[in-house]
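Thanks for taking a look at this one with me. Below is the model, followed by my notes on the places I would look at together with you.

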Amino acid sequence: MEQLIKDGRRIDGRKFDELRQIRIEAGVLKRADGSAYMEWGGNKALAAVYGPREARPRHIQNPTRAIVQCRYNMAAFSVSDRKRQGPDRRSVEISKIMSEALEHVVFTEQFPRASIDVYIEVLQADAGTRCTGLTAASVALADAGIPMRDFVSSCAVGKVDGQIVLDLGKQEDNLGDADLPIAIMPRTKEILLLQMDGHLTIEEFNKAVDMGMNACMEIYEMQKEAMRKKYPGD
Ligand code: ADP
């Protein structure tokens, strides 16, 4: 079996609690109300926001607040074997958990009957695309000027070769023992998303959540920096 940790370093040379390289750019698309582009290790994703606009068809409207509708999509060329186009079970699930996380931060009560539509296009996938997409989506919402309590900051933690490690790469994701994506509202540290694939003891779980939350705070700084860069002086 392939060794994922050697001499205290991971297969790509990272330390256990080290993130991959991250770049976030706000406001990259002219026709969307808000947008963001994000590179996170080998992941590349675009997020585009439209709205708030009248929700259609009308029966999906909520008379007291806006609904947030996410569509997460992986491009055919985003993975090594060409991906079949269109929604599958995985992308429907990811779209749903993203919508729920984002609904918690948007002041939806300010826009009754409206829909805020968030499109996430994964151009290149390398494990951790739901965290990449969600992080980019909240920057795109901020870029669209949609009133929010806070950003959503997200990162995954996992277990490989018996060690808790941050932000799994593709090989670690394939061969590791557990994967635990987390998203939080950084200011209050409320957890908006927590999924788990694999097995962890309670001690490992607690360690993983702590490590993931700290990383989310690092991501939060990068999100704010992306907004400052786009809107200097605001
Ligand atoms: P996440 O991307 O959030 O980590 P998963 O754990 O479901 O979500 O997927 C891990 C990785 O597996 C993805 O980032 C992608 O690189 C790869 N992957 C997911 N779906 C497919 C697919 N249909 N075909 C090929 N590779 C895929």
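**Notes on the predicted model**

1. A75 sits in the loop between β6 and α1; helices (H or I, at least four residues) and strands (E, at least two) are DSSP runs, numbered from the N terminus. A75 counts as buried because its relative accessibility is 9%, where buried means under 20% relative accessible area, exposed over 50%, and partly exposed in between (1.4 Å probe, protein chains only). Leaving aside neighbours within four places in sequence, A75 is in contact with K83, Q85, V122 and L123; contact means heavy atoms within 4.5 Å. A75 and L123 are 48 residues apart in sequence, yet 5.5 Å apart in space, C-alpha to C-alpha.

2. A word on conventions: this is a predicted model, in which local features need pLDDT of at least 70 and side-chain atom pairs count only at pLDDT 80 or more, while totals for chains, interfaces and linings use all residues. Residues are numbered from 1 along each chain as its sequence is written, and side-chain values use heavy atoms, with hydrogens and water left out.

3. K83 belongs to the loop between β6 and α1. Is K83 buried or exposed? K83 counts as buried, because its relative accessibility is 12%. Apart from neighbours within four places in sequence, K83 is in contact with M74, A75, A76 and D88.

4. Next, the ligand. Of the 13 residues around the ligand, R90, A127, G128, T129 and R130 come nearest; a residue is near a molecule if one of its heavy atoms lies within 4 Å of it. An N or O atom in the R90 side chain is 2.7 Å from a ligand oxygen atom, and a backbone N or O atom of A127 lies 2.8 Å from an oxygen atom of the ligand. From K170, a polar side-chain atom lies 3.4 Å from a ligand oxygen. The protein covers 75% of the 540 Å² of accessible area that the ligand has on its own, with areas from the Shrake-Rupley method and a 1.4 Å probe.

5. T132 is in helix α2 (residues 129-143). At 0% relative accessibility, T132 counts as buried. Not counting residues up to four places away in sequence, T132 touches M38, W40, N43 and A45.

6. Which residues touch the most other members of the largest nonpolar core? They are L102, I116, V118 and L141, in a core of 63 residues. Helix α4 (residues 202-230) supplies the largest share of this core, ten residues. A second, separate core of five residues includes L4, I5, V160 and V165. Here a nonpolar core is a set of buried Ala, Val, Leu, Ile, Met, Phe, Trp, Tyr and Cys residues joined through side-chain atoms within 4.5 Å. In soluble globular proteins, nonpolar side chains tend to be buried together.

7. Leaving aside neighbours within four places in sequence, I116 is in contact with V49, Y50, P52, A66, I67, V68, Q69, V106, L141 and I146.

8. The peptide bond from G51 to P52 is cis, with omega near 0 degrees, and P52 lies in strand β5 (residues 43-54). The bond from R56 to P57 is also cis, with omega near -5 degrees; P57 is placed in the loop between β5 and β6 (67-74).

9. Most residues other than glycine have a negative phi, and most peptide bonds are trans. R113, in the loop between α1 (89-105) and β7 (114-124), has a positive phi near 70 degrees. R113 counts as partly exposed at 42% relative accessibility.

10. Finally, the hairpin. β10 (178-185) and β11 (190-194) run antiparallel and are joined by four bridges; two strands pair if DSSP finds at least two bridges between them. I184 has I191 in β11 as its bridge partner. Four residues lie between the two strands of this hairpin, and K189 in the turn has a positive phi of about 65 degrees. At 43% relative accessibility, K189 counts as partly exposed.

How values were computed
A polar contact is a pair of N or O atoms within 3.5 Å; within protein, one must be able to donate a hydrogen and the other to accept it, and residues adjacent in sequence count only if both atoms are side-chain atoms.
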